[in-house]
Amino acid sequence: MNATPPDGSPIDAAFVRRWLDTAATVVEREAAALTELDSPIGDADHGTNMRRGFVAARTAVEQEPPDTPGAVLVAVGRQLISTVGGASGPLYGTLLRRAGKQLGDEPAVSAAQFRDALRAGVDGVAQLGGAAPGDKTMLDALFPAVDAMSKALDGGSGTADALAAAAAAADEGAVATTPLRARKGRASYLGERSIGHQDPGATSAALLVTAFADTAREAGA
Amino acid sequence: MKMLINVPETVVADALRGIAAAHPDLVVDVEHRVIVRKGAPFEGKVGLVSGGGSGHEPLHGGFVGRGMLTAACPGEVFTSPVPDQMARAAAAVDSGAGVLFIVKNYTGDVLNFDMAAELAEDEGVQIAKVLVNDDVAVVDSLYTAGRRGTGATLFVEKIAGAAAEEGAPLDRVAALARQVNESSRSFGVALTACSTPAKGGPTFDLPDGELELGIGIHGEPGRERRPMMTSGEIADFSVDAILEDLRPDAPVLALVNGMGATPLLELYGFAAEVHRVLAERKVPVARTLVGNYVTSLDMAGCSVTLCQADEELLRLYDAPVETPGLSWGN
C-alpha cells in the first residue's frame with residue numbers, strides 16, 4: 001500500500017524507533033564527552049541530562065510503541081520535556097514534537113516530508129529559544145543540517161544520502177561553533193571567554209542527526 | 001573528590017528523603033519531586049511555587065512553610081526542574097486564588113516554567129509569573145541570556161510569601177514580587193570552583209591565589225579573574241558593582257550570602273566590611289541577613305544582595321516566617 005517514494009525508502013515508525021535506539025546508544029556513549037564540553041562554558045551536566053532523557057524515551061517507546069513515525073517523534077519529545085530539564089529538555093522536546101506533529105498520522109513518509117518536518121521542528125526551537133544562527137547554540141548544527149538535506153534531495157539524492165549530507169553539515173556546524181561567542185544560554189554569561197570552546201548543544205544535535213544518517217544507511221534506504 | 005553521597009544519580013532523591021525525615025511540616029513527594037507545605041491549599045490564599053536546579057540549598061525547598069513558599073520543585077543538580085513538577089505543585093497549592101511562579105532568569109528555568117504555566121492554566125489554575133534577574137555581573141544585552149536570578153530570590157520569596165499569608169490577591173502578590181526584584185541587585189565572588197556529583201570534581205579550574213569576580217550560582221566561571229583580594233577589597237568591589245546600577249533612596253535589606261563552603265566566621269567578617277562600605281557610600285541599612293542561603297554546592301565565596309525597601313516591603317520582610325531555612329517572629 002505504501003509505494004516507495006521517488007526519493008528513497010519510506011520513513012516509517014520502525015525507522016524512527018531504530019533511530020531512537022541508535023540515538024540513545026550514542027548519547028550514552030558520548031555522555032561523558034558532552035559533559036566535558038559543558039564544563040568550561042556551561043555547568044557540566046549536558047551529557048548526564050541527555051542520557052537520562054534518551055534512556056527514558058527509549059523505555060517509554062519500547063513499552064508502548066507508537067505506530068506512525070510522527071507519533072514516535074512526539075512521544076520522544078514528550079519524554080524529553082518530562083525528564084531532561086534545563087534548556088535542553090524543552091528545546092529538544094519541541095524539536096521532536098513539532099516535527100512529529102508536522103508528519104501527522106501518515107504510516108510512512110518520504111524523505112522530503114521528513115525534511116519538511118525537521119524544518120518545522122528547527123523553526124520551533126528557534127522560536128522558543130529566541131536564538132539565531134551564529135549564537136553558538138544547537139541551531140548552528142540544525143539549520144545547516146536541514147539545508148544540506150534539502151540541497152541533496154533537490155539534487156536527486158535518496159534518503160540515506162540526503163541524511164548523510166545532513167549529518168556531515170551538522171558536524172561541520174558544531175565544529176564551527178568553536179570560534180563563536182555565545183549569545184544565548186548559560187555560555188553567554190562568559191562573553192569573550194566562551195570563544196574557543198565547541199558548543200555542547202550543537203554537538204549533541206549533530207549526534208542526533210548522525211544517528212538518523214546511520215539508521216538510514218543500515219536500512220539501505 | 002570525596003563526597004557524602006551514595007551514587008550521583010540518587011543525590012536529589014536521597015536529599016528529598018532526608019528533608020521528609022527532618023521536616024514533618026512539609027509533604028515531600030520524592031517520586032515526583034515536589035515539596036509542599038502541609039495543609040495546602042490554604043483557603044482564599046495565593047499559592048507561591050518556586051523551583052530550580054538542586055545545589056542551592058536551602059533555596060528553594062528550605063523556604064517552604066508559613067509566610068514564604070507554598071511549594072518548591074527541585075530539579076537535578078544545577079538543572080531546572082521539568083514542567084510536570086511545577087504543574088503538579090500548582091495543582092497541589094491552588095485554593096482558587098491563583099498561584100505565583102517565582103522563576104530565576106535562566107534559559108532552562110524560564111522555558112520549563114512557561115510550559116508548566118500552560119499545563120496549569122489548561123487545568124484551570126490562574127498563574128502569574130515573576131522573573132528574578134538581580135545579578136549585576138551579567139551585562140544585560142542582546143549578547144547574553146540576560147541577568148541571572150540569584151540572592152534576590154530570597155527577598156522575593158520572603159516578601160511575596162508574607163503578602164500571600166496575609167491574604168493579598170494574586171495581582172498584588174505578583175506586583176510586590178516584581179517590586180522586590182526591581183529594587184534588588186546582587187554580585188557574587190568565588191574563591192574556589194564547586195564540584196558537581198555528576199562530574200565528581202571542580203566544574204572549572206581556579207588556581208590557588210586567584211578569585212573569580214561576578215560568578216553565578218551554577219559553577220559557571222565569572223566575569224573576571226584576579227589575584228586573591230582581602231575581605232575588605234571584595235566588599236568594596238561587590239558593593240560598588242551593585243551601587244553602579246542601583247542608587248538606593250531608601251534603607252536597604254542586605255543579604256550577605258555564603259556560597260556553601262565559606263565558614264560563618266569569614267562571612268560575618270565580610271558582613272562587617274559590607275557595612276563599612278555602605279556607610280562610606282552613605283547607604284543606610286535596615287536589616288542584615290548573614291548565612292548560606294543561596295548556595296552553589298561546595299563553592300567557597302560569597303555574594304551580596306541589596307534590596308531597597310520602602311516601609312511596606314520592610315513590614316512584610318519582618319512578618320513571621322517559619323520554614324526550615326528561614327524562621328523568625330514565631
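## Fold of chain A

Helices (H or I, at least four residues) and strands (E, at least two) are DSSP runs, numbered from the N terminus. On that basis, chain A of this predicted model has 8 helices and 2 strands. Their order along the sequence is β-α-α-α-α-β-α-α-α-α. The radius of gyration of chain A, 16 Å, is close to the 17 Å of the globule rule for 221 residues, so chain A is as compact as a globular protein of that length. Here the radius is taken over C-alpha atoms, and the rule is 2.2 Å times the number of residues to the power 0.38.

Of the 221 residues in chain A, 57% are buried, meaning under 20% relative accessible area (1.4 Å probe, protein chains only). Contact means heavy atoms within 4.5 Å. Of the contacts in chain A between residues at least 6 apart in sequence, 70% link residues at least 24 apart.

## Domains of chain B

Chain B is divided into domain 1 (8-183) and domain 2 (184-316), with bounds from an automatic or database domain assignment. The centres of domain 1 and domain 2 of chain B, taken over C-alpha atoms, are 22 Å apart. Across the boundary, 36 residues of domain 1 of chain B contact 39 residues of domain 2 of chain B.

## Conventions

Residues are numbered from 1 along each chain as its sequence is written, and chains are lettered from A and ligands numbered from 1 in the order in which they are written. Local features need pLDDT of at least 70, side-chain atom pairs count only at pLDDT 80 or more, and totals for chains, interfaces and linings use all residues, while side-chain values use heavy atoms, with hydrogens and water left out.

Notes: Buried < 20%, exposed > 50% of the residue type's maximum accessible area, 1.4 Å probe, protein only.
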